[in-house]
Amino acid sequence: MTTLRGLIAKLTRDDSYLAVNEYWVYVPGTVLPLQAQVMDRMVKDNPHHRKGHAPIGAKEGMVFTDIRLHVALVLKSKNPHAFRPDLLAEVPMEVTPEILGGLASSQALIKIQYVSKHTLLDDRHLTFLSHLADAYADIGDGTVVYDLIQERLWSASDYRATLDDAETSVADQHCRVIWEPEDQHGRIRVLGLAKVGGTVWLSESVPA
């Protein structure tokens with residue numbers, strides 16, 4: 001049985017491979033938390049341990065020193081468009097009053113980006129980046145988390161809850177399935193596959 005990753009590998013030439021992961025964590029302050037604080041929160045003080053299992057182990061921790069990982073502070077005063085949900089995505093997103101309030105009160109965002117042109121052999125980066133975004137939100141009193149690849153906004157508390165409810169490398173955590181109506185038909189769009197080197201999937205028009 002061919003796995004999703006295996007199917008993508010078959011359809012993707014090595015010279016065209018590109019995996020893109022990016023999160024924005026909206027925070028009220030304008031100072032980037034220290035990396036040592038973030039590492040402690042992810043490893044030693046991670047609240048998402050389940051049945052004695054640490055979500056960030058030695059394998060996931062290797063991403064800390066990966067040159068493909070980039071973290072930066074983006075100021076609202078310099079990039080006001082990044083704080084407007086109507087300008088963030090091409091497809092409609094659910095935006096709650098809590099999210100709108102969080103965006104309004106934030107003065108900066110922490111951009112977490114991981115891009116690879118080389119085929120990723122496993123999904124450790126998915127778990128690592130999920131917990132990295134949560135760690136920055138926790139330490140920086142973050143209000144909102146935005147996943148650019150699946151074009152989805154969470155309040156920081158709702159995002160944190162997702163890390164307790166599911167494995168952080170499963171499709172439900174990283175993919176967004178959208179129904180796009182067309183008269184009596186419609187198409188299914190799947191966002192998020194770029195995280196493991198895939199592309200946006202769009203079905204043929206099918207009856208509603």
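**Reading salt bridges, a sheet and its helices**

Mentor: Let's start with D86 and R84, whose side chains meet in a salt bridge at 2.6 Å, N to O. R84 counts as partly exposed, at 42% relative accessibility. By the way, this is a predicted model, so local features need pLDDT of at least 70 and side-chain atom pairs pLDDT 80 or more, while totals for chains, interfaces and linings use all residues. Residues are numbered from 1 along each chain as its sequence is written, and side-chain values use heavy atoms, leaving out hydrogens and water.

Trainee: What makes a pair a salt bridge, and how many are there by this rule?

Mentor: The rule asks for a side-chain nitrogen of Lys or Arg within 4 Å of a carboxyl oxygen of Asp or Glu. The count comes to nine. Another one joins R68 and D66, at 2.8 Å from N to O.

Trainee: Are R68 and D66 buried or exposed, or in between?

Mentor: Check the relative accessible area: under 20% is buried, over 50% is exposed, and partly exposed lies in between (1.4 Å probe, protein chains only). R68 has 28%, so R68 is partly exposed, whereas D66 has 17% and is therefore buried. Over the whole protein chain, 42% of the 208 residues count as buried.

Trainee: Which parts does the salt bridge between R41 and D138 tie together?

Mentor: Those side chains meet at 2.6 Å, N to O. R41 is in helix α2 (residues 35-42) and D138 is in helix α5, so the pair links parts that are 97 residues apart in sequence. R41 is buried, with a relative accessible area of 6%, while D138 is partly exposed at 33%.

Trainee: Which residues do salt bridges that share partners join into one network?

Mentor: R41, D134, D138 and R160. Have a look at D134, which sits in helix α5 and is buried, with a relative accessible area of 0%. Contact here means heavy atoms within 4.5 Å. Leaving aside neighbours within four places in sequence, D134 touches R41, H48, Y159, R160 and L163. For the protein chain as a whole, take contacts between residues at least 6 apart in sequence: 72% of them join residues at least 24 apart.

Trainee: How many helices and strands does the protein chain have?

Mentor: Seven helices and nine strands. They are DSSP runs numbered from the N terminus: helices are H or I with at least four residues, strands are E with at least two.

Trainee: In what order do the five strands of the open sheet come?

Mentor: Two strands pair if DSSP finds at least two bridges between them. Here the order is β2-β3-β1-β4-β5, with antiparallel pairing. The edges are β2 (69-75) and β5 (152-155), each pairing on one side only. Neighbouring strands are turned by 20° against each other on average, direction ignored. Next, β1 and β3 pair in the antiparallel sense over nine bridges, with A19 partnered by S116 in β3. As you follow a strand, remember that side chains in a regular one alternate between the two faces of the sheet.

Trainee: Which residues make the nonpolar surface patch?

Mentor: Patch members have over 30% relative accessible area and no salt bridge; like charges are joined within 9 Å, nonpolar side chains (Val, Leu, Ile, Met, Phe, Trp, Tyr) within 5 Å. Here V177, W179 and I188 make a patch of about 280 Å². W179 belongs to strand β6 (residues 176-182) and is partly exposed, at 38% relative accessible area. Areas come from the Shrake-Rupley method with a 1.4 Å probe, and for residues only the protein chains shown count as cover. The protein chain's accessible surface comes to about 11,400 Å², with 56% of that belonging to carbon and sulfur atoms.

Technical notes
Axes are lines fitted to C-alpha atoms, for helices over the stretch in contact, and angles run from 0 to 180 degrees between N-to-C directions.
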